[in-house]
Amino acid sequence: MSDHVNEILAQWKVERPELDVSPMAVIGRLTRAAAAVQSRLDNTFAQYGLDASSFDVLATLLRSGTPYVISPAQLSRDAMITTSAVAQRLNKLETRELVSREQNPADGRGTVVALTDAGKELVERVLPAHLETEHSMTATLSPEEQTLLADLLQRLTQAAASGNS
């Protein structure tokens, strides 16, 4: 099966035959797959007036469990976004009354982020559509292939994050 990445590899083979460009087959396809997946997910989120980052914040709060309250630092870690990005997302979501910021009862100097009833209702409506989109994209792979791919991507992510090969 040929694709644009194969064409790129063939061009490099001609231009720089002494170089091993085989990693480009993986990284090029991974990059293209990530962009295509994100585009599909963005379309799903847009139907509900959300973007991926806003959904991630709401979903992180929901999966934190009752009472759906966590610190901004924990939200940053669990939603895998920077603390400055958390503040921006929270401002936007707070304006829409999907989250609220409250004084931390354990430490009066800090704040906690709470999922509002409207935020909980919205994320619970979006979640099935989000999962349907993900299922539609992964359905081309058998359950065993999905497990293998997830494991391989986890290893690749860990190698990239640690700077080791």
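Helices here are DSSP runs of H or I with at least four residues, strands are DSSP runs of E with at least two, and both are numbered from the N terminus. Keep that in mind for every label on this tour.

**Before you start**

This is a predicted model: local features need pLDDT of at least 70, side-chain atom pairs count only at pLDDT 80 or more, and totals for chains, interfaces and linings use all residues. Residues are numbered from 1 along each chain as its sequence is written, and side-chain values use heavy atoms, with hydrogens and water left out.

**Stop 1: the largest pocket**

Select α2, α3 (52–63), α6 (117–138) and α7 (143–162). Each of these supplies at least two residues of the lining of the largest pocket. A pocket is found on a 1 Å grid over the protein atoms alone: it is an open set of points where a 1.4 Å probe fits, with protein on both sides within 12 Å along at least five of seven lines. Lining residues have an atom within 4 Å of a point.

Which helix gives the most to the lining? Look at α2, with 10 residues. Now show Leu 30, Ala 33, Val 37, Leu 149 and Leu 153. Of the 29 lining residues, these lie nearest the centre of the pocket. The space inside is about 1300 Å³. That volume is the space filled by probe spheres set on the grid points, which are joined across faces, edges and corners.

Colour the lining by class. You will find 19 nonpolar, five polar and five charged residues. Here Ala, Val, Leu, Ile, Met, Phe, Trp, Tyr, Cys and Pro count as nonpolar, Asp, Glu, Lys and Arg as charged, and the others, Gly among them, as polar.

**Stop 2**

Is Thr 44 buried or exposed? It is buried, because its relative accessible area is 7%. Buried means under 20% relative accessible area, exposed over 50%, and partly exposed in between, with a 1.4 Å probe and protein chains only. Leaving out residues up to four places away in sequence, Thr 44 touches Ala 129, His 130 and Thr 133. Contact means heavy atoms within 4.5 Å.

Move to Leu 131, in helix α6. Leu 131 is partly exposed, at 36% relative accessible area.

**Stop 3**

Now select the three strands. They make an open sheet in the order β1-β3-β2, with antiparallel pairing. The edge strands, β1 (69–70) and β2, each pair on one side only. Two strands pair if DSSP finds at least two bridges between them.

Start with β1 and β3, which are joined antiparallel over two bridges. Val 69 has Ala 114 in β3 as its bridge partner. Turn to the helices on this sheet. Helix α3 packs on it and touches β1, β2 and β3, and its direction makes about 100° with that of β3. Helix α5 (residues 83–95) also packs on the sheet, touching β2 and β3, at about 115° to the direction of β2. Axes are lines fitted to C-alpha atoms, for helices over the stretch in contact, and angles run from 0 to 180 degrees between N-to-C directions.

Next, strand β2 (residues 99–104) and strand β3 (residues 107–115). Six bridges join this antiparallel pair. The two form a hairpin with two residues between them. Find Ser 100: Ala 114 in β3 stands opposite.

**Stop 4: Val 99**

Pick Val 99 in strand β2. Val 99 counts as buried, because its relative accessibility is 2%. Beyond neighbours within four places in sequence, its contacts include Leu 58, Leu 90 and Val 113. Ala 114 is 15 residues away in sequence from Val 99, yet 5.5 Å away in space, C-alpha to C-alpha.

**Stop 5**

Most residues other than glycine have a negative phi, and most peptide bonds are trans.

- The peptide bond from Thr 66 to Pro 67 is cis, with omega near 15°. Pro 67 lies in the loop between α3 and β1.
- Tyr 68 is in the loop between α3 and β1. Its phi is positive, about 60°. Tyr 68 is buried, at 17%.
- Glu 97 sits in the loop between α5 and β2. Its phi is positive too, near 60°. Glu 97 is exposed, at 59%.
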